[in-house]
Amino acid sequence: MRAVLGAIVAVLLIVGTLVMLSPSLDEPTRLVGGMAVRVGVLFGAVWLAFPDLRRVRARVAVPLAAVGLALLYRPRLAALLLPVAVAIIVLTPRFSRRRPQ
């Protein structure tokens, strides 16, 4: 899985850089190139942290993923959504796999 993610990162960064450096492109195409570079950098950070991300619990990953998706749609809601996500993570009860004796 990590190798596939690394390949995606490489393709996004190379294609985005080539699109940004080509001289005769219109503005929407340059915008797509910039987005490819940004997503490539983001996936690169995920690729670097991949071994540690495999140990993240669902009670932390689900709220953060939901906030991340919401921020992609409405970035101005960061001041509201990030504290809500932290509150959900902190206030969610932790369930133990051990049975009480």
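Trainee: In which helix does Leu5 lie?
Mentor: Leu5 belongs to helix α1, residues 2-21; a helix is a DSSP run of H or I with at least four residues, numbered from the N terminus. The model is predicted: local features need pLDDT of at least 70, side-chain atom pairs count only at pLDDT 80 or more, and totals for chains, interfaces and linings use all residues. Residues are numbered from 1 along each chain as its sequence is written, and side-chain values use heavy atoms, leaving out hydrogens and water.

Trainee: Why does Leu5 count as buried?
Mentor: Buried means under 20% relative accessible area, exposed over 50%, and partly exposed in between, with a 1.4 Å probe and protein chains only. Leu5 has 14% relative accessibility, so it counts as buried.

Trainee: Which residues does Leu5 touch, apart from those up to four places away in sequence?
Mentor: Leu5 touches Phe43, Val46, Trp47 and Phe50, where contact means heavy atoms within 4.5 Å. By contrast, 33 Å separates the C-alpha atoms of Leu5 and Leu91, which are 86 residues apart along the chain.

Trainee: What makes Val41 exposed?
Mentor: Val41 has a relative accessible area of 52%, so it is exposed. This residue lies in helix α2, and its C-alpha atom is 8.6 Å from that of Leu12, 29 residues apart along the chain.

Trainee: Why is Ala61 called partly exposed?
Mentor: Its relative accessibility is 35%, so Ala61 counts as partly exposed. Ala61 is found in helix α3, and 9.0 Å separates its C-alpha atom from that of Ile89.

Trainee: How do you know that the span of helix α4 agrees with expectation?
Mentor: The expected span is 1.5 Å times one less than the number of residues. The 14 residues of α4 (residues 78-91) should therefore span 20 Å, and the end C-alpha atoms are 20 Å apart, which agrees.

Trainee: Which residues of α4 are buried, and why are they said to line one face?
Mentor: Leu81, Ala85 and Ile89 are buried in α4. Seen down the helix axis, the buried residues fall within an arc of 70 degrees, so they line one face; the arc is that of the directions from the axis to the C-beta atoms. They pack against α3, whereas Ala79, Leu80, Val90 and Leu91 are exposed on the other side of α4.

Trainee: What kinds of residue line the largest pocket?
Mentor: The lining divides into 10 nonpolar, 1 polar and no charged residues. Nonpolar covers Ala, Val, Leu, Ile, Met, Phe, Trp, Tyr, Cys and Pro, charged covers Asp, Glu, Lys and Arg, and the others, Gly among them, are polar. The lining includes Phe43, Ala61 and Gly68, and its largest share, 6 residues, comes from α3.

How values were computed
1 Å grid on protein atoms, 1.4 Å probe; cavity = no way out; pocket = protein on both sides within 12 Å on 5 of 7 lines; lining within 4 Å. Helix = DSSP H or I, 4+ residues; strand = E, 2+ residues; numbered from the N terminus.
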